[in-house]
Amino acid sequence: MHYYIAIVHKDEDSSFGISFPEVPGVFSAADDIAELIPKAAEALALYAEDEDLPAPRGLEEVRRDPEVAASLEAGAFLVAVPYIENDAKIVRINVSMESGMVKAIDTAASARKLTRSAFLAQAARREIER
């Protein structure tokens with residue numbers, strides 16, 4: 001998993017806008033700041049379906065970018081957005097948990113017409129990307 005540093009802009013009476021200095025053209029927006037990271041992670045994933053993502057730069061390197069520095073001076077802020085590579089390689093793992101939790105997972109997975117594995121993978125992705 002990699003993290004891409006993104007810049008968040010917020011003008012009065014507008015949504016939060018988020019963009020990636022190292023991935024021009026990839027952006028997202030959200031009315032609620034809690035939705036910002038998941039939406040930005042989704043934008044990265046959609047871009048990566050068709051294009052290769054560049055290697056992520058570190059926080060300090062991004063901060064030294066003159067355009068980023070100007071945005072920060074104007075009130076923007078930086079966030080780290082997780083990117084989980086979809087390599088389509090399935091890996092079998094062994095997970096232990098309390099039996100009541102397994103029953104609850106199976107019930108929830110069944111209600112969503114998912115396997116236990118698919119349900120757990122979705123839940124993990126949501127938790128990591130928020």
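**Helix start, sheet and pocket in a predicted model**

At the start of helix H3 (residues 66–73), a side-chain oxygen of Asp-65 comes to within 2.8 Å of the backbone nitrogen of Glu-67. This is a polar contact, defined as a pair of N or O atoms within 3.5 Å; within protein, one must be able to donate a hydrogen and the other to accept it, and residues adjacent in sequence count only if both atoms are side-chain atoms. Just after H3, Gly-75 adopts a positive phi of about 110°.

The model is predicted: local features need pLDDT of at least 70 and side-chain atom pairs pLDDT 80 or more, whereas totals for chains, interfaces and linings use all residues. Residues are numbered from 1 along each chain as its sequence is written, and side-chain values use heavy atoms, without hydrogens or water.

The chain holds five helices and four strands. Helices (H or I, at least four residues) and strands (E, at least two) are DSSP runs, numbered from the N terminus. Their order along the sequence is β-β-β-α-α-α-β-α-α.

The four strands build an open, antiparallel sheet in the order S3-S2-S1-S4. Strands S3 (27–30) and S4 (77–83) are at the edges with a single partner strand each, so one side of each has no neighbour in the sheet. Strands S1 (residues 2–10) and S2 (residues 16–19) run antiparallel and are joined by four bridges. Pairing requires at least two bridges found by DSSP. Ile-7 has Ser-19 in S2 as its bridge partner.

A pocket is an open set of points on a 1 Å grid over the protein atoms alone, where a 1.4 Å probe fits, with protein on both sides within 12 Å along at least five of seven lines; lining residues have an atom within 4 Å of a point. The lining comprises 30 residues; Ile-90, Ser-117, Ala-118, Leu-120 and Ala-121 lie nearest the centre. Helices H1 (36–50) and H5 (116–128) are the elements giving two or more residues. H5 provides the largest share, nine residues.

The C-alpha trace spans about 55 × 35 × 25 Å along its principal axes.
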